[in-house]
Amino acid sequence: MRASQLLIPTMKEDPADADVASHRLMLRAGLIRQVAAGIYTWLPLGVKVLQRIQEIVREELEASNAQEVLMPVVQPASLWKESGRWDEMGSEMARLHDRHDNEFCLSPTQEEVVTDLVRREIQSYKELPRNLYQIQTKFRDEIRPRFGVMRSREFTMKDGYSFHLDQDNFNATYQEMHHCYSRILTRMSLKFRAVDADTGNIGGDNSHEFQVLAESGEDLIAYSTESDYAANVEKATTLFPTERPAPGTAELTRIDTPDAKTIDAVAQLLGADATQCIKTLFVDGVADDDNSEAPAPLVALVLRGDHELNELKTEKLAGVASPLKMADPARIKAAVGAGIGSLGPVGLNTSASLILYVDHSAAQLTDFICGANTDDVHFTGANWARDSALADEQIRDLRNVIEGEPSPDGKGVLAFARGIEVGHIFQLGTKYSDAMNATVLNAEGRQQTLIMGCYGMGITRLVAAIIEQCHDDNGICWPDSVAPADVHILGLNYGKSAEVTAASDRMYDTLRAQGLRVLLDDRKERPGIKFADADLIGIPHRVTIGDRNLKNGEVEYRRRTAADSELMTPDAVLARLTA
């Protein structure tokens with residue numbers, strides 16, 4: 001590649017609308033240009049990076065016995081209605097009609113299409129397992145596209161799906177895909193964590209996110225300091241006590257607490273710490289389908305005063321409505337006798353119309369402070385064993401973890417880091433195969449529903465994640481495996497100096513003959529511009545050829561991430577780069 005013939009529109013100044021390093025540097029280095037909000041054109045150097053990432057992904061997937069297919073971007077609504085997701089997807093899905101008024105959508109994901117393919121083409125257990133993947137364009141109409149290609153509306157994604165007859169066979173493939181994704185990210189020289197995660201609107205049971213560690217990451221992850229445990233903070237948990245606390249010694253006492261409606265206000269008024277207080281929140285429960293006239297129950301959630309409710313964990317509790325919704329204050333007042341700020345578990349009578357859950361940490365408290373279910377009154381010296389009959393099944397994990405708590409595996413403590421989700425693998429079970437009647441004949445000749453797995457990886461997002469982790473003040477620092485070129489040759493006074501021109505062309509041809517990807521800066525630009533652009537573009541190896549060093553039979557070699565350059569003979573540079 002010769003720079004004079006290549007579209008590389010670099011920019012000297014930072015774009016005003018770029019909030020993160022990857023967005024700023026991708027624009028400045030001439031990798032992308034915006035067409036509309038969240039929609040980008042990829043320019044030659046950006047395409048080279050995408051291609052190299054895809055090469056790694058394909059190589060590792062082929063090594064894992066996955067087979068590449070190519071599914072449509074435009075999908076019929078009939079398949080989505082069959083799975084039940086046409087209405088679930090909401091406004092993120094771009095919908096359209098063809099000239100015959102048939103409904104379609106732009107693909108946000110491919111579960112429906114691939115399930116339809118497999119149910120049509122695979123009839124017998126002898127054809128299983130199957131692991132299919134594609135690298136294809138996706139469109140999701142993000143309400144607020146931001147951070148460049150990290151959260152765009154149109155993007156390139158690798159999505160894969162596996163089909164199995166039994167759980168053990170699926171488990172083996174799921175583990176292999178876990179290893180495959182780890183190999184892919186390792187080959188890209190990335191620091192990452194595979195974390196337990198929520199399945200979101202894809203559905204299914206367990207899932208793991210692959211998070212590239214970066215301060216700009218949107219996700220907060222919790223990980224053990226001494227083991228492999230890691231989880232998205234939405235799903236992270238801690239080591240729970242196995243025994244109930246010893247009975248308390250304090251006497252239950254009613255105390256007036258006028259105008260103290262928050263934990264901080266109560267703690268300050270009573271000279272206590274928030275950790276010795278508990279708070280009681282009320283959310284809507286699930287209505288009884290068999291009795292439409294009965295109101296949905298209320299669900300009381302009890303946490304330690306300094307802890308935060310985890311909505312995803314709470315939504316999964318039996319009897320809790322999803323999406324989670326805080327109960328109407330008037331309903332709470334009518335049911336309990338007090339308003340928000342004076343609520344507590346003492347004397348709270350659970351029934352079909354009132355469900356109670358208590359977080360593990362709150363269940364460990366003795367002599368605690370809580371609302372007395374009378375406005376402007378609290379209890380001190382409350383104890384579970386004496387004052388509230390608490391069953392084991394009512395004690396649940398309701399909260400977000402806190403940094404420094406014990407890891408749930410008992411090894412080390414939890415630490416926090418920010419991450420960029422670049423991959424997500426799901427155990428779908430039979431969610432889609434049940435809905436779409438995807439079955440095969442088993443060994444006994446009976447129809448059996450297929451077990452599915454889902455494996456996604458964001459190709460365009462990977463470009464941004466790599467840059468977020470691999471850059472400095474001057475520009476991008478590409479890992480060798482994904483760089484748009486291996487070597488960047490800077491010919492100073494190229495075209496003006498016959499010696500520099502000849503030496504640059506000779507180095508260019510020699511390196512290319514050795515199979516290296518080479519970018520030759522043969523532009524008629526000042527040396528300062530060439531050096532600045534080279535730092536910005538970030539190709540791993542740089543060879544600078546100028547008249548002064550050529551007189552001594554030398555050129556200048558520098559690794560992009562090195563502090564200093566080295567003077568070497570052209571043969572020594574060749575040996576270094578081809579070693």
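**Pockets, cysteines, a sheet and a helix**

About 300 Å³ of space lies in the second largest pocket. A pocket here is an open set of points, on a 1 Å grid over the protein atoms alone, where a 1.4 Å probe fits and protein lies on both sides within 12 Å along at least five of seven lines; lining residues have an atom within 4 Å of a point. The volume is the space filled by probe spheres set on the points, which are joined across faces, edges and corners. The model is predicted, and local features need pLDDT of at least 70, side-chain atom pairs pLDDT 80 or more, while totals for chains, interfaces and linings use all residues. Residues are numbered from 1 along each chain as its sequence is written, and side-chain values use heavy atoms, without hydrogens or water.

The second largest pocket is lined by 20 residues, of which Lys279, Thr280, Leu281, Ile340 and Gly341 are the closest to its centre. At least two lining residues come from each of α6 (263-270), β14 (278-284) and β17 (368-371); helices (H or I, at least four residues) and strands (E, at least two) are DSSP runs numbered from the N terminus. β14 gives the most to this lining, with five residues. By class, the lining has 12 nonpolar, six polar and two charged residues; Asp, Glu, Lys and Arg count as charged, Ala, Val, Leu, Ile, Met, Phe, Trp, Tyr, Cys and Pro as nonpolar, and the others, including Gly, as polar.

The largest pocket holds about 1,100 Å³ of space. Its lining comprises 40 residues, with Arg140, Arg151, Glu421, His424 and Arg461 closest to the centre. The elements that each supply at least two lining residues are β8 (154-164), β11 (219-224), β20 (414-429), β23 (451-458) and α12 (459-469). Among these, β20 gives the most, with seven residues. The lining of the largest pocket is made up of 15 nonpolar, 13 polar and 12 charged residues.

β14 also belongs to an open sheet of four strands, in the order β14-β15-β16-β19 and with mixed pairing; two strands pair if DSSP finds at least two bridges between them. β14 and β19 (395-396) stand at the edges with a single partner strand each, so one side of each has no neighbour in the sheet. Strand β16 (residues 354-359) runs parallel to β19 and is joined to it by two bridges. Val358 stands opposite Ile395 in β19.

The structure holds zero disulfides (pairs of cysteine sulfur atoms within 2.5 Å). For Cys370, the nearest cysteine sulfur belongs to Cys277, 9.4 Å away. Cys370 is buried, with a relative accessible area of 1%; buried means under 20%, exposed over 50% and partly exposed in between, with a 1.4 Å probe and protein chains only. For Cys477, the nearest cysteine sulfur is that of Cys470, at 7.4 Å. Cys477 is likewise buried, at 11% relative accessibility.

By contrast, Asp473 counts as exposed, at 81% relative accessibility. Asp473 lies in the loop between β24 (471-472) and β25 (475-476). Between the C-alpha atoms of Asp473 and Ser216 there are 15 Å in space, although 257 residues separate the two in sequence.

Seven of the eight residues of α1 are buried, namely Ala21, Ser22, His23, Leu25, Met26, Leu27 and Arg28. Just after α1, Gly30 takes a positive phi of about 75°.
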